[in-house]
Amino acid sequence: MASGNGTGNAEEVTASISAFLAAKHVPPTQAWMTAFISTIRLNTPIVALQKTALFRLLATDITTSTTKSAASCFATNITDPQVKERQVRGPITVQLLDVEDIGRSRWSQVEAIEAQERGETTKGREVIRVVPDDNGPDAATQNESKSSGPHKLLLQDANGLHVYAMELTSINGVGVQMAVGAKLVLKDFIVARGLILLEPRNVEMLGGKVDAWDRKWKEDRKKVLKEKAGVREGGG
């Protein structure tokens, strides 16, 4: 494949970028690659083009931007609760649609969000005022987000199939601070009665974010948590 500076040959550059993305388990569709190639300078260093392509692809909906195969997607009956346990080799690339911290009560999470909205966070039992530019704009969010979990994730494969997954042990990067639309690669995992069991050894975090999904999830999160906790919006 091409190395160093791009050759200027669209076919060679396309092949190199496509191979790179496939190795990351996000093989692009021909339509996506054609659109991407139209936005770049072909003599740009190929490593830079590969990284740019990965960054842009991770910001897309994989149901439209990546190619599908039986091996890279869930079986259609993956959520069947009658199947006690099955092993799935993968790799299967998925995107995050929702994440819930089931290690904390929903109401305590609502309170944490409201404290964050007031510009406060907690240190032990002490409430402290957060100055945004002290530790970066997301300091309060990160503090609110930290918890021991476990976390329950709603995942979607390239075919658009939705499957729930449960974190068995803490996985670095998994939590309510995750961006919605983030991509994960699952390998050699167990599905028990339709629920994927997640451990550090079978999850690779690719990252990414679908901006519109993430924005809506954050806007709706407090309302959704209140509804699940049995409290109507506007109620105590």
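This note goes through helix packing, one tryptophan and the nonpolar cores of a predicted model.

1. **α1 against α3.** Helix α1 covers residues 10-23 and helix α3 covers residues 46-57. Their axes come within 10 Å. They cross at roughly 55 degrees, and the two helices are therefore oblique to each other. The crossing is right-handed.

2. **Residues between α1 and α3.** On the α1 side, the contact uses V13, S16, I17, F20 and L21. On the α3 side, it uses I46, L49, Q50, K51, A53, L54 and L57. By class, the contact of α1 with α3 has 9 nonpolar, 2 polar and 1 charged residues.

3. **α1 against α2.** Helix α2 spans residues 30-37. The axes of α1 and α2 are 11 Å apart, and the packing angle is about 125 degrees. That angle makes α1 oblique to α2. This crossing is right-handed.

4. **Residues between α1 and α2.** From α1 come V13, T14, I17, S18 and L21. From α2 come W32, M33, F36 and I37. The contact of α1 with α2 divides into 7 nonpolar, 2 polar and no charged residues.

5. **W32.** Is W32 buried or exposed? W32 counts as buried because its relative accessibility is 14%, under the 20% cut-off. This tryptophan lies in helix α2. Leaving out residues up to four places away in sequence, W32 touches L21, A53, R56, L57, T60 and S65. W32 and T64 are 32 residues apart in sequence, yet their C-alpha atoms are 8.5 Å apart in space.

6. **The largest nonpolar core.** Which residues touch the most other members of this core? They are F74, L153, L186 and I196, out of 24 residues. Six strands each supply at least two residues: β2 (92-101), β5 (151-156), β6 (162-167), β7 (183-186), β8 (189-192) and β9 (195-198). β2 gives the most, with 4 residues.

7. **F74 in detail.** Setting aside neighbours within four places in sequence, F74 is in contact with I92, V94, D157, L161, V163, L186, F189 and I196. Two of these contacts, L186 and I196, are listed with F74 among the residues that touch the most other core members.

8. **A second core.** A separate core has 17 residues, including V13, M33, L57 and L206.

9. **α5 against α7.** Helix α5 covers residues 106-117, and helix α7 covers residues 211-228. Their axes are 9 Å apart, at an angle of about 150 degrees. The two helices are therefore roughly antiparallel to each other. α5 passes α7 in a left-handed crossing.

10. **Residues between α5 and α7.** What is the class make-up of the contact of α5 with α7? This contact has 4 nonpolar, 1 polar and 7 charged residues. α5 contributes R106, W107, Q109, V110, I113, E114 and E117. α7 contributes R221, K222, L225, K226 and K228.

Notes:
Residues numbered from 1 in each chain as written. Predicted model: local features only at pLDDT ≥ 70, side-chain atom pairs only at ≥ 80, totals over all residues. Heavy atoms only, no water. Axes fitted to C-alpha atoms, helices over the stretch in contact; angles between N-to-C directions. Parallel < 35°, antiparallel > 145°, perpendicular 65-115°, else oblique. Left-handed = near helix turned anticlockwise from the far one by under 90°. Contact = heavy atoms within 4.5 Å. Nonpolar A, V, L, I, M, F, W, Y, C, P; charged D, E, K, R; others polar. Buried < 20%, exposed > 50% of the residue type's maximum accessible area, 1.4 Å probe, protein only. Core = buried A, V, L, I, M, F, W, Y, C linked by side-chain atoms within 4.5 Å.
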